[in-house]
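I opened this entry to record what I looked up, residue by residue and element by element. The notes follow the order in which I consulted the structure.

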Amino acid sequence: MITIYDIAKKANVSAMTVSKVINHTGRISSATRERVQQVIDELGYIPNSNARSLVLQRTQMLSLLITDITNPFYTTLARGAEDAAHLRGYRLLFGNSDEDYKKEKDYVDAILSTRVDGVLFAPAGDRSLQHLKQLQERHIPFVFLDRTVPGITSDIIAGDSREGAIALIRYLVQLGHRRIALVNGSSEVSTARLREEGYIAGLRETGADINPELVLRTGYRDFSDEEGLDRLLSQPDQPTAIFAANNMLAIGVIRLLRKRGLRVPEDISVVCFDDLDLASAFDPFLTVAAQPAYEFGFQGVQMLIDRIEGKSPSEAQTVILPSELRIRASATAPREQK
């Protein structure tokens with residue numbers, strides 16, 4: 001088995017110099033670094049990760065804990081996170097909580113026993129507080145992905161949920177809509193609260209109708225609340241448009257509308273937060289406030305590794321990524337204006 005001493009002998013340097021090249025530490029001339037790396041490549045040396053962990057007090061492993069792997073936003077985010085981790089010499093472990101606190105706790109317990117260096121964390125909701133405190137108590141750094149939890153201060157990479165919601169409401173009002181319903185996630189989730197704030201702010205700004213009966217709060221996954229949708233549609237002044245707080249809700253809403261014989265957008269318009277997967281690019285339909293999902297993952301991992309390696313300021317950092325309004329076929333002027 002090739003050792004660093006074999007490399008040192010052939011490269012005519014000390015074993016300490018070889019160790020610095022392997023671990024990207026210390027100050028070494030570029031010529032020496034290139035010579036050592038050439039010998040490493042020639043000999044086919046593979047660093048012992050356990051030994052490296054002992055030297056650096058790090059495992060070079062990160063955890064990505066998200067809430068819904070079926071959501072294209074998170075699959076694209078995971079791609080960005082994996083790419084960034086690979087570039088920085090880290091490996092990425094994956095977990096999916098399904099918006100379930102119990103499952104999330106199980107993953108956090110596994111993270112605590114695995115000795116990962118840090119966590120990219122999309123919390124299920126406000127009750128994730130105790131799970132996050134466990135990470136803090138063990139001094140495991142984490143970066144919030146879009147969602148935050150009251151009582152916890154940490155680095156965060158987030159979308160501008162409030163402004164994205166306002167942009168969607170403005171667009172619907174420009175089309176002529178006045179009665180706009182909101183199908184939202186749980187009020188325990190910070191992004192749901194921000195998107196509802198943006199919904200209300202957009203209605204106020206444009207002078208559109210504000211009616212609490214036009215707000216339906218559910219979960220972010222697998223929308224199937226037929227009774228709730230029927231309540232929205234049975235209002236004396238039926239909504240002419242629906243703002244769904246994410247893409248999965250929009251898909252569920254459109255499915256149930258079609259089940260009731262309602263066409264989108266001919267009978268009712270639908271817009272939402274977050275785009276769909278690549279397949280939709282061939283025949284895009286939904287008007288969306290699209291978030292840069294890949295950048296969430298890529299920049300989130302960069303932020304996390306900088307924190308792990310002591311390259312971040314002492315105070316928590318916040319990066320806000322703007323959304324992009326993508327106008328497509330799912331929204332049009334209300335029927336009474338046609």
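**Entry 1. Asn-23.** I began with Asn-23, which is found in helix H2, residues 15–23. The model is a predicted one, and I read each value with that in mind. I looked up the relative accessible area of Asn-23 and found 10%. Because the cut-off for buried is under 20%, Asn-23 is buried.

**Entry 2. Ser-97.** I next located Ser-97, which lies in the loop between strand S2 (91–96) and helix H6 (101–114). Is Ser-97 buried or exposed? Its relative accessibility is 0%, so Ser-97 counts as buried. I listed its contacts, leaving out residues up to four places away in sequence: Ser-97 touches Leu-65, Ile-66 and Thr-67, and also Lys-103, Glu-104 and Tyr-107.

**Entry 3. Nonpolar cores.** I asked which residues have the most contacts inside the largest nonpolar core. That core has 45 residues, and the ones with the most contacts inside it are Ile-180, Tyr-199, Ile-242, Phe-243, Leu-257 and Val-270. A second, separate core of 25 residues includes Ile-66, Tyr-90, Leu-120 and Ala-122. As background, I noted that nonpolar side chains tend to be buried together in soluble globular proteins. I then followed Ile-180; beyond four places in sequence, its contacts include Tyr-199, Leu-203, Ala-241 and Phe-243. Ile-169, Leu-172, Val-173 and Leu-214 are also touched by Ile-180.

**Entry 4. The six-stranded sheet.** I traced an open sheet of six strands in the order S7-S6-S8-S9-S10-S12 and recorded its pairing as mixed. Strand S7 (215–217) and strand S12 (324–326) each have a single partner strand, so one side of each has no neighbour in the sheet. From one strand to the next, the twist averages 15°. The bridge partner of Val-288 in S12 is Arg-326.

**Entry 5. Helices across the sheet.** I looked up which strands helix H9 (residues 190–206) lies across. They are strand S6 (180–184), S7, strand S8 (241–244) and strand S9 (269–273), and helix H9 runs at about 175° to S6. Helix H11 (residues 247–259) lies across S6, S8 and S9, and runs at about 160° to S9.

**Entry 6. Aromatic rings.** I searched the whole structure for aromatic pairs and recorded four. One of them joins Phe-73 and Tyr-74 edge-to-face, at 5.2 Å centre to centre with 75° between the planes. Phe-73 and Tyr-74 are both buried. Why is the pair of Tyr-294 and Phe-298 stacked? The ring centres of Tyr-294 and Phe-298 are 6.0 Å apart and the planes are at 20°; planes under 30 degrees apart count as stacked. Tyr-294 and Phe-298 are four residues apart in helix H12 (residues 293–308), so about one helical turn separates them. I noted Tyr-294 as partly exposed, at 29% relative accessibility, and Phe-298 as buried, at 18%. Ring pairs also link Phe-73, Tyr-74 and Phe-296 into a cluster. Finally, I checked Arg-195, which lies over the face of Phe-273, at 4.0 Å from the ring centre.

How values were computed
Residues numbered from 1 in each chain as written. Predicted model: local features only at pLDDT ≥ 70, side-chain atom pairs only at ≥ 80, totals over all residues. Heavy atoms only, no water. Core = buried A, V, L, I, M, F, W, Y, C linked by side-chain atoms within 4.5 Å. Buried < 20%, exposed > 50% of the residue type's maximum accessible area, 1.4 Å probe, protein only. Contact = heavy atoms within 4.5 Å. Helix = DSSP H or I, 4+ residues; strand = E, 2+ residues; numbered from the N terminus. Phe/Tyr/Trp six-rings, centres within 6.5 Å; stacked < 30°, edge-to-face > 60°. Lys NZ or Arg CZ within 6 Å of the ring centre and 35° of its normal. Pairing = 2+ DSSP bridges. Axes fitted to C-alpha atoms, helices over the stretch in contact; angles between N-to-C directions.
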